[in-house]
Amino acid sequence: MEANKSVLVIGGGIAGMQASLDLADRGLKVFLLEKTPSIGGRMAQLDKTFPTMDCSICILAPKMIECLRHPNITLLTYCEVQDVSGSAGNFTVKVLKKPRFIDEEKCTGCGECAQYCPIEVPNEFDMGIGIRKAIYVPLPQAVPLKYTIDEENCIKCRLCQRTCKAEAVDFDQKPETINLNVGAIIVATGFDMFDARKRREYGYGRYRNVLISLEFERLVSASGPTGGHIVRLSDGRVPRRIAFIQCVGSRSLKGGVTFCSSACCVYATKEAILIREHDPECEVYIFYNELKIFGKGFQEFVTRARDEWGVKYIRALPGEVVEDPKTHDLTMWYEDTTENVTKNMKVDLVVLCPALIPTVANKELASILGLDLDEYGFFECKDPLFKPIDTNVPGIFICGYSQGPKDIPESVAQASGAAARAAEVMALAASREAQ
Amino acid sequence: MKRVEEETPRIGVFICHCGINIGGIVNVPEVVEYAKTLAGVVYAEDNLYTCSSVGISKIKEGIAKHNLNRVIVASCTPRTHEPLFRGACEEAGVNKYLFEMANIRDQCSWAHMHEPEKATEKAKDLVRMAVAKSRLLKSLEEPEIDVTPSALVIGGGISGMTTALCLAGQGFKVYIVEKEPELGGMLRHLYKLYPTMQDASERLNHIVNSVKSDKGIEVLTSTVVKQVKGFIGNFEVTVQKANGGTANFGVGTIIVATGAPIFEPVGMYGYGEYDNVITQLQLEQLLKDGQLKKPKSVIMIQCVGAREKEGRTYCSRICCMTAIKNAMLIKDLYPDTDVHILFRQLQTYGEHYEEHYRTAQDKGVKFIKYLQEKPPEVISGKNGKLTVNVHHALLDEELKFGSDLVVLSTPLIQHEDAKKLSQILKVPLGSDGFFFEAHVKLRPIDFATDGIYVCGTAHSPKDTPESVSQALGVASRAAIPMALKRLRTEAITAVVNENLCSGCGTCLKLCPYGAIEKDEKGVARVTEVVCKGCGVCAATCPERAIEMRHFTSEQVMAQALAALGRAVK
Amino acid sequence: MSSEPRIVAFLCNWCSYAGADLAGTSRIRYPPNIRIIRVMCSGRVDPAFIFRAFETGADGVLVGGCHPGDCHYVSGNLKAEKRMENTKKLLKLLGLGPERLRLEWISAAEGEKFAQVVTDFTGTLRRIGPNPLKAKTNVNNPIDVEAVVSEALKKTNVQYCVECGKCSGSCPVSRVDNSFSPRRVVERFLLGFEDKVISGKDLWTCLSCYQCSERCPSDVRFPEFVRACRSIAPRDMLEETCAHRGIPMTLSRIMINPKIKQDRMGWLPERAQISKRGDLLYFVGCLPYLDILFEDFNLELIKTPQSVVKILNKVGIKPAMLPNEKCCGHDLLWTGDLENFEKLAKLNVANIKATGAKRVVTSCPECYRTIKKDYAEFVGELDFEVLHMSELLSELVDKDELKFEVYPERKVVYHDSCRLGRQMGVYEPPRKVISSLPGTQLVEMERNRENALCCGVNAWLSCNKYHKEIQMDRLKEAKATGADLLVTTCPKCRIHWKCVTSEKLPINPDEITMEMRDLSVLVAEAMNLA
């Protein structure tokens, strides 16, 4: 395959998929690489998206399927980049394909195997709230819909192998190396969540009813571990009062990151509306410092949440969250600026909005690609004003959250931008070659 | 592809639960059973997520197993998923125009969440309506058209120039039409740019020179777009130059990068009345020209004419950072000057802006939050000195500041002539006045109209790197049709039954695109690639000689009668 | 059907359908009474859909389009606006009420507005009550179509055809459209190829102008044969060949429902003297509806009944009138809808009887023939005399009761419309009336009285290029007489001629454009009553 006609996209979230589709639609070949067994990324974990309240998987699934079906896109899931050499127009990439222990050609995704697997582990896709088996798909709409055996937890009982009618289970599968020759590389590795346990005052990790936002998102999702019912994890009770705490670990000079994750104020608002929709009797409070409502439609979204849905905004970050060990109810202390008094509030459930940090694995990837990283793990762009998508390595481009905090529409637009730059660089390389 | 007109319809109905979005309200199994009773339906099933790869496979399997020649999916709105399901049908050998959807989510379960029985009845009606139309559907072929590999960029600011350079870099010809006498847009008026504090002019000149020297880009300054005819791949553009002359050229795609001016807050906080109440833009000019005399106390007021209860309800995103930037510049010039920024919600988002906030704090800039209900007051005193009263939200106290310079941070607004441009291009403006994209989340820089795109502040307020990202994004979106060189166009076009046409010419007069002419025989003829499928002709033709494919009178009527419980035939 | 109002909505893809979706994604609740049909543009919405929806029992119809100026197709919404205005006027006439039709501009961003509109509209519909057409009409003694048809075929004398060809030689359609031959149609039928005849297009091309049967030596009533076949023919051919998308017929059918209370007397001149009972009844016909449907033609169709009432009042007659007069059913009869025709006939006859009228006068030739001849056939012997306005005027001229005040010098050419002339034999009375107007000279076309050329369209069928040629032929003929005015008594003739002269046709408009006048209006003008 001519190098200057194919692109490697690292990261199968919404940004990676958008960049891949743009390139594929115009006739270029794309290798879409994703380290987990399925593409979809964070957006697949969301229930609804702000400010339109679109069902997330509903608008995402067609893109995922498009990536699967597109004749110009080759999905490389459960893969990682091991080595990159060469230069713009002609990169050589060594990819490690991790063994699923399933023959992808034979697996039909029927799920019989998982019925029989005796091992249950916390489901990463559900942020550990739900369970999955050692043989699993991360989500029901996984693309590709192929099962994977989690080597670490598998006890090799081989029940799955005996059950599988397609004879797809292959415990002898070995890691594979794939060599690619591409003209450009796009990095779209997305975000992880700041470890909220580091903010000990909020009790995350110790108190059952203190959740982080992505966990809550899974609770409220129709396809999540509780089928969309908001319940407390301590006792299964329906909460009557829920509090959101913003900026956990972000905008922080110590014990966190200094930047603003740019999406939490609005996604908390979204989750608050979802709660009020599901249960109009449940009180919802959002404790914030500055409400970041700068995006298109954000202010109007928050106004609606406040005026029509009765979400209450309190400008105070709680000092601490304390748990009643018997009831597992939570008490928060905060300063009420309207009454000028410090008071406490008893709530049934606390949702923390931790900082969204660039994917931890970026560090390793940066060294493989030769890219500069800043102190937080964002890839450095060539020029923060006029070249936000280019990097210090010509031919390698960044987009999405890996470039900087942003929401979905900005990720999508920037991903298209990376596709444009990749195409431009390859057009240049092609014309040089022709000369 | 099967030719199905001669066959009896064999309709397959696939009803989606969409998790609990539909299934939690509508009794989906009941609707499935109902669908089976409808004439023409030979197969019906339900799926958890029809749009998932499982669901798509089930559609294809259903087609093959039951020899279906019509497919209906009852799920969400066709406006998102129709292409996906159509694709599945085509892959299974069923022409995509034999596919129909029933919107039982966005227009049923979601709107009637607290009336599940009625929602179920409505869902049954909607399925029956879809089946009624489905029986009458015909397979259609999409004509292919050539795509002119050139683009029109309307607006020569940073967004327009960035997209032009990238498109030219990919080998396409680009026309930049700029109404001002020079390129550069808003950046010409700015002094320093955050977060790097680089000089705007310096960087701008560099880019302008790149544009001017690029052989693939034709720059037309002092020029406006007068008329646009045609469709994706084949737009005919007429522009008007300052001297009154016009020029015509053809392009394949159009990009709107018209930017946004700032709101002039006449009458607010003394603006227009007092000389020392100015806007941030005017402040930039003063700083740029070195004309700022040392003020004793500068008060900056945020959200002037923005985030209002009605009208300009939006946040203009960049004003907080602009204020902080200018505050820091003032402090660098005159460290003794007091600078206060009166804000409502401080928008220091993203990776670097929090740092700037802190740097500003380090430099001694003070920040005071005020509430929307209790805005500051600017009162004029002796010798032009101003007094600013502000209710401090946190302290719950009235504060008074003497000031010799009040700077108002006002929002970016849409150009006055944007309405005209939106009508010329037939693209919409949102309720905030800015151009309205095809889909807020997943198609943020496309318009619903094929071949036209938007980027920069024409879309919504944003700063330079954000505009550049969108501009590059648009360069990819527009490149797709141009790189392919040929496109399949819609098959939903008008068609004339020559035997019925009496040549009365009514349709010719009505067509907004001039897509209909009379041929040698005096009978109407439709130029399909120009026809946009609106159907005005079909609704007026006295003889019903001209019909709209896929929305024929028979089909629409069948849906209407089915809505009322009457089956046709 | 339930008592909850049912709304059928036609929403445009780009704005209002998206607005409806947004209402759903924003979880804004609205009543589930609405059923949405997606169209590409509000300009696609044909009033025929709307009338059919009401006929079938919709309580309300909502049409959604983009805000003016924002139409994705430039101006489709403005066209929709004009059409909806016109449709509302017709709904008012019908007594259904214009409030049942709503046209709203809803953008893709206005989910709230959409929900509000639906909620509002549903409330309005609950308040004004269900569509009267929802109640099923009593199907007492439904007509036995097969029996009627075989009877009719016997009466038409087709079996006496000797294949002489006089019909095809006389038929105006045959002359322009070579594929149509009355003789061959009859022959096919007689040979046993009924199916070909009944399912064919030829069946719907016949103008029923009676030129052929007027001359046929075997007295074959070809138009009535065609009419009988139409009532057993498949309806899709009718759908295909019927002009104006069947709207006039839909209106006629709607009037059958006894719950319909029309509001159709608004045209009465000030100080008009009419009554609920009387010796003489004036049967207006569909002029109030046609006046609105064809308002763009500026034919002032409504002046005809106004003139009639003024003239009658002037000579001291206070005519009885039916506030709930139904369409005579002419078009339904001639397109083969015998069942509904019979219902209309029965209703009208009963209503006329209730007024005690001994004489019924009508200004429309089609109503005249239908009531006088066809009602008797289908409903039974009539208790009242039926006369045409020209006959009544002629009587008044004889009695010298018409006082003329205005005497313009002019030449008038009179056209015998098929229903009044050839079919009912009323040739002289209109001529007598015209000749009696001082200053007016009556001139004749070459083809007049029983040889008059049909205006070219019947019951809105087959208005194609061949029929246009017939129309232009007749107009050229009228023009060639040098007359200033073309006078006739049939509103349909005038509509069809006006239609052809306002079209882009391959002929110099000067050759065919003539000022036209209805006979009653002509008389009223001369009496200075207009």
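**View 1. Chain B as a whole.** Accessible areas here come from the Shrake-Rupley method with a 1.4 Å probe, and for residues only the protein chains shown count as cover. On that basis, chain B of this predicted model has an accessible surface of about 20,900 Å², 50% of which belongs to carbon and sulfur atoms. Its C-alpha atoms fill a box of roughly 90 × 60 × 40 Å along the principal axes. Chain B holds 15 helices and 28 strands; helices (H or I, at least four residues) and strands (E, at least two) are DSSP runs, numbered from the N terminus. Of the 569 residues of chain B, 63% count as buried, meaning under 20% relative accessible area (1.4 Å probe, protein chains only).

**View 2. Where chain B meets chain A.** Here 81 residues of chain B are in contact with 77 residues of chain A, contact being heavy atoms within 4.5 Å. The two chains bury about 6,300 Å² between them, 60% of it on carbon and sulfur atoms; this buried area is the accessible area (1.4 Å probe) that two parts lose on being put together, summed over both. In chain B, look for Glu351(B), Lys441(B) and Leu442(B), which lose the most area to chain A, together 13% of what that side buries.

**View 3. A salt bridge between the chains.** Seven salt bridges are counted between chain B and chain A, each a side-chain nitrogen of Lys or Arg within 4 Å of a carboxyl oxygen of Asp or Glu. One of them joins Arg69(A) to Glu91(B), with the closest N and O atoms 2.5 Å apart. Among the elements that give two or more residues to the side of chain B touching chain A are H3(B) (78-91) and H12(B) (464-484). H12(B) supplies the largest share of that side, 15 residues.

**View 4. Helix H24 of chain C and its cover.** In H24(C), residues 519-526, seven of the eight residues are buried, including Leu519(C), Val521(C) and Leu522(C). The cover over the buried residues includes helix H15(C) (303-314), helix H20(C) (428-436) and strand E11(C) (515-518). Asp518(C) caps the N-terminal end of H24(C), placing a side-chain oxygen 2.9 Å from the backbone nitrogen of Ser520(C). Just after the helix, Asn528(C) takes a positive phi of about 60 degrees.

**Notes for all views.** Residues are numbered from 1 along each chain as its sequence is written, and chains are lettered from A and ligands numbered from 1 in the order in which they are written. Local features need pLDDT of at least 70, side-chain atom pairs count only at pLDDT 80 or more, and totals for chains, interfaces and linings use all residues, while side-chain values use heavy atoms, with hydrogens and water left out.

Technical notes:
Buried means under 20% relative accessible area, exposed over 50%, partly exposed in between (1.4 Å probe, protein chains only). A polar contact is a pair of N or O atoms within 3.5 Å; within protein, one must be able to donate a hydrogen and the other to accept it, and residues adjacent in sequence count only if both atoms are side-chain atoms.
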